[in-house]
Amino acid sequence: MSATKFWDELHERRAAGTPEVNARLAEIAGPLTPGTALDLGCGGGGDALWLAARGWQVTAVDISGAAVRALQARGEPITALRVDLAEDFPEGTFDLVSAQYFHTPFDLDRARVLRTAAGSVNPGGRLVVVDHGSAAPWSWDQDAEFASPGEVAAELDLDPALWSIDRAEAAERLATGPGGRTATVVDHMVILRRAGR
């Protein structure tokens, strides 16, 4: 099965309704002054909708055409694009680039994508990477190995003259999954700020 088909089928199965913002993005971006934002792997669009409602100019991209069409159908002021980040990257520069749980069971040079994302961050802007640090009981990826926040930052290998690490930490939260099931999970957060402004 192709990556596109996998993610299209997943998003087509998702229940209708308003998707929720990822808790870590709300925590991190809540205090920030709105500007331009790029949501990598936007999925159901909860993060993009939350950012747009707070005055951000949002570009949201996903490999799944089904996810992008559902977000476009909401009629919100969001630029939603189908982009296979293994092959392409959206144009533009951004004050915030968000990669929330940017994992896939398919081959993807994730570090290359995130370095490209870093190159699209405006001076003074942030690259926010939030990863799973543990597998929820309902996850499709039970056998995953989870890089530490420090390992993620090191893999990006960004120029320390241009980038500072605002946060690199693991934190627990209570997650709610399908059917209302709950579990304590770990998130790995890396927040990088580009010098300038």
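Which residues of the largest nonpolar core touch the most other members? The points below take up this question and then other features of the model.

1. Basis of the note. This is a predicted model, in which local features need pLDDT of at least 70 and side-chain atom pairs count only at pLDDT 80 or more, while totals for chains, interfaces and linings use all residues. Residues are numbered from 1 along each chain as its sequence is written, and side-chain values use heavy atoms, with hydrogens and water left out.

2. The largest nonpolar core. Ala 29, Leu 51, Trp 56, Val 58, Leu 71, Ile 78 and Leu 96 touch the most other members of this core, which has 25 residues. Two or more residues come from each of α2 (23-29), α3 (46-53), β2 (57-62), α4 (65-72), β3 (78-82), β5 (121-132) and β7 (182-194). The greatest contribution is that of α3, with five residues. A nonpolar core is here a set of buried Ala, Val, Leu, Ile, Met, Phe, Trp, Tyr and Cys residues joined through side-chain atoms within 4.5 Å; buried means under 20% relative accessible area, exposed over 50%, and partly exposed in between (1.4 Å probe, protein chains only).

3. Leaving aside residues up to four places away in sequence, Ile 78 touches Ala 48, Leu 49, Ala 52, Val 58, Ala 60 and Leu 71, contact being heavy atoms within 4.5 Å.

4. Overall architecture. The protein chain has six helices and seven strands, in the sequence order α-α-β-α-β-α-β-β-α-β-α-β-β. Helices (H or I, at least four residues) and strands (E, at least two) are DSSP runs, numbered from the N terminus. Of the contacts with a separation of 6 or more, 65% are between residues 24 or more positions apart.

5. Along the principal axes, the C-alpha atoms fill a box of roughly 45 × 35 × 30 Å. Buried residues account for 46% of the 197 residues.

6. Ser 98. This residue of strand β4 counts as buried because its relative accessibility is 0%. The side chains of Ser 98 and Gln 100 are joined by a polar contact of 3.2 Å (a pair of N or O atoms within 3.5 Å; within protein, one must be able to donate a hydrogen and the other to accept it, and residues adjacent in sequence count only if both atoms are side-chain atoms). Not counting residues up to four places away in sequence, Ser 98 touches Leu 25, Leu 38, Asp 39, Leu 40 and Val 128.

7. Arg 115. Located in helix α5, Arg 115 is partly exposed because its relative accessible area is 35%. Arg 115 and Leu 156 are 41 residues apart in sequence, and their C-alpha atoms are 5.9 Å apart. With residues up to four places away in sequence not counted, Arg 115 touches Glu 155, Leu 156 and Leu 158.

8. Positive phi values. Most residues other than glycine have a negative phi. Tyr 101, in the loop between β4 (94-100) and α5 (110-119), has a positive phi near 55 degrees; Tyr 101 counts as buried, at 14% relative accessibility. Asp 157, in the loop between α6 (149-156) and β6 (163-176), also has a positive phi, of about 55 degrees, but counts as exposed at 63% relative accessibility.
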